[in-house]
Every structure is written in C-alpha cells, then in structure tokens.
Amino acid sequence: MYDPLRLHEIESRGMLASFWASEKPNAPAVYDRFGSKTFAEVNANANGIVRLLRNHGVQAGDHIAFLTSNRAEVMEIMPADLRGGYRLTPVNRHLTTEEALYIFDRQRLDQHGVDQAENRRVGADPEPQRQQHHDSERR
C-alpha cells in the first residue's frame with residue numbers, strides 16, 4: 001500500500017511519473033488513439049521536455065502555453081511543467097484561431113508551443129520561440 005500523503009507530495013513536484021516509473025516502469029500510464037505510453041516513457045519524455053524548454057531559455061517562473069489536441073503527450077507536459085517550475089496555460093484546440101491567439105497574446109506568456117498536428121491550423125512556427133516582453137508592454 002502506498003502512503004497517500006507521500007504520493008501527494010511527490011505529485012506536487014511533478015515527480016509522480018518518476019515514482020511510478022521506478023515502481024512499474026513497463027505498466028501503461030496513458031492511452032490515446034495513437035497507442036499507449038508506459039510510466040518509464042512518460043517520465044523520460046517529461047524530463048526531455050524540461051531540458052528542451054531550458055535549452056530554449058525558459059526558466060522557473062516563466063509562463064508558457066500550449067495548443068494541442070487530446071493526445072497522450074499532454075500527460076508528459078503536465079509533470080514537465082511542475083518539474084521546471086513553470087506557469088502553464090493549456091489552450092483548447094477547439095477554439096477558433098482568433099480565440100487561441102487572443103489567449104497567447106493576453107496571458108503574458110514567456111513561451112508558447114503548438115503541437116505538430118495544430119501547426120497548419122494556426123500557422124504556427126514548429127520551433128518554439130522565446131517571447132520577449134517588457135512589463136510596460138504587457139496588458
């Protein structure tokens with residue numbers, strides 16, 4: 001039996017996937033229409049996302065957003081967000097282009113991302129780009 005308080009503390013740091021990867025690495029963690037991912041895969045990919053964001057200059061406390069369809073990768077972004085200390089705004093893919101761009105513009109984002117399936121719909125650059133804002137420019 002697992003201690004729920006310990007699991008809650010682990011989860012609050014974005015390390016729940018890491019915990020389950022050590023306990024049950026090959027067990028399915030998430031399913032979607034494209035297949036499934038094990039806890040080990042989710043944990044490794046969450047670590048990779050943190051490294052990718054850090055390599056692009058995203059720092060703890062930065063506000064990031066992403067537009068994505070309902071995919072298993074969302075379950076990798078969430079622990080990566082907690083591990084990196086970012087502030088995350090998920091954006092629903094069913095919004096119109098104008099609505100999504102409004103959120104990206106108004107949320108005082110330091111970084112944004114769009115999954116490959118959504119790139120064509122919003123005309124986004126597939127490579128994340130650091131958004132530079134000065135406090136006087138923020139709304």
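Predicted model: local features only at pLDDT ≥ 70, side-chain atom pairs only at ≥ 80, totals over all residues.

**How the chain starts**

Let's begin with helix H1, which covers residues 4–12. Its N-terminal end is capped by Asp3. A side-chain oxygen of Asp3 sits 3.1 Å from the backbone nitrogen of Leu5. After H1 comes Gly14, and here phi is positive, near 75°.

Next, find the second largest pocket, with a volume of about 270 Å³. There are 14 residues lining this pocket, and the closest to its centre are Leu16, Ala17, Val42, Met75 and Pro79. H4 gives the most, with four residues. And what is the lining of the second largest pocket like by class? You'll find 12 nonpolar residues, one polar and one charged.

**Salt bridges around Lys37**

Now for the charged side chains. Searching the whole structure turns up four salt bridges. Lys37, Arg71, Glu73 and Glu76 are linked in a network of such bridges. Here are the pairs to look for, with the N to O distance for each:

| Pair | N to O distance |
|---|---|
| Glu73 and Lys37 | 3.7 Å |
| Lys37 and Glu76 | 3.0 Å |
| Glu73 and Arg71 | 3.0 Å |

Take Glu73 and Lys37 from the table, which meet at 3.7 Å. Glu73 is in the loop between strand E3 (63–68) and H4, while Lys37 is in strand E2 (residues 35–38), so this bridge ties together parts that are 36 residues apart in sequence.

Lys37 also forms a salt bridge with Glu76, at 3.0 Å. Why does that pair tie together separate parts of the chain? Because Lys37 is in strand E2 and Glu76 in helix H4, the parts being joined are 39 residues apart in sequence.

So are these side chains buried or exposed? Lys37 has a relative accessibility of 16%, under the 20% cut-off, so it counts as buried. Glu76 is buried too. Glu73, on the other hand, is partly exposed, with a relative accessible area of 25%. Its partner Arg71, in the 3.0 Å bridge, counts as partly exposed as well, at 24%.

Methods: Residues numbered from 1 in each chain as written. Heavy atoms only, no water. Polar contact = N/O pair within 3.5 Å; in protein donor to acceptor, adjacent residues only side chain to side chain. Helix = DSSP H or I, 4+ residues; strand = E, 2+ residues; numbered from the N terminus. 1 Å grid on protein atoms, 1.4 Å probe; cavity = no way out; pocket = protein on both sides within 12 Å on 5 of 7 lines; lining within 4 Å. Points joined across faces, edges and corners; volume = space filled by probe spheres on them. Nonpolar A, V, L, I, M, F, W, Y, C, P; charged D, E, K, R; others polar. Buried < 20%, exposed > 50% of the residue type's maximum accessible area, 1.4 Å probe, protein only.
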